[in-house]
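Hi everyone, thanks for coming.

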Amino acid sequence: MVKIPKYFIFLKEIAKKIPGKTAKQCRERYRHFLSPTVNRIPWSIEEDALLVQYHQLYGSDWAKIAEFFPGRTNNDVKNRYNAHLKKKELDIFLAVMNTK
């Protein structure tokens, strides 16, 4: 039998008070933005370098990659890579290819 976390029952009650929101949406909002365990400090250069390495190793398995970044959610990791590193990685690759 699946054990339902206590906070999920609480989130169902919150969702009832917010028109148009489901318990799942409230849970996701909590997990990705409101939880005190979420790391909100800016990404470091070292984290960026590790993220590129882990992406090369695991591909787009963001949940697996997020395990290496305590306090960063899989959504944070995916967004960081796609918004900030993907283009930089491509630019570096193209620069290397143009020098050959």
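Okay, a term to begin with: helices here are DSSP runs of H or I with at least four residues, strands are runs of E with at least two, and both are numbered from the N terminus. Counted that way, the chain has five helices and zero strands. Reading from the N terminus, the elements go α-α-α-α-α.

Two housekeeping points. This is a predicted model, where local features need pLDDT of at least 70 and side-chain atom pairs count only at pLDDT 80 or more, while totals for chains, interfaces and linings use all residues. Residues are numbered from 1 along each chain as its sequence is written, and side-chain values use heavy atoms, with hydrogens and water left out.

Now, how much of the chain is buried? Buried means under 20% relative accessible area, exposed means over 50%, and partly exposed is in between, with a 1.4 Å probe and protein chains only. Of the 100 residues, 25% count as buried.

On to contacts, meaning heavy atoms within 4.5 Å. If you take the contacts between residues at least 6 apart in sequence, 40% of them join residues at least 24 apart.

Let's zoom in on helix H3, which covers residues 45-58. For the 14 residues of H3 that gives 20 Å, and the end C-alpha atoms are 20 Å apart, so the two agree.

Which residues of H3 are buried? They're Glu47, Asp48, Leu51, Tyr54 and His55. These cover an arc of only 130 degrees around the axis, so they sit on the same side of H3; that arc is taken from the directions from the helix axis to the C-beta atoms. On the other side of H3, Ile45, Glu46, Gln56 and Leu57 are exposed. Just after the helix, Gly59 has a positive phi of about 70 degrees.

Let me pick out Glu47. Its relative accessibility is 16%, so Glu47 counts as buried. Beyond residues up to four places away in sequence, Glu47 touches Pro42, Phe69 and Arg72. Glu47 and Phe69 are 22 residues apart in sequence, yet their C-alpha atoms are 7.9 Å apart in space.

Last one: Arg80, over in helix H5, residues 74-98. Arg80 has a relative accessible area of 16%, so it's buried. Setting aside neighbours within four places in sequence, Arg80 contacts Trp43, Asp48, Leu51 and Leu85. You'll remember Asp48 and Leu51 from the buried residues of H3.

Conventions:
The expected span of a helix is 1.5 Å times one less than its number of residues.
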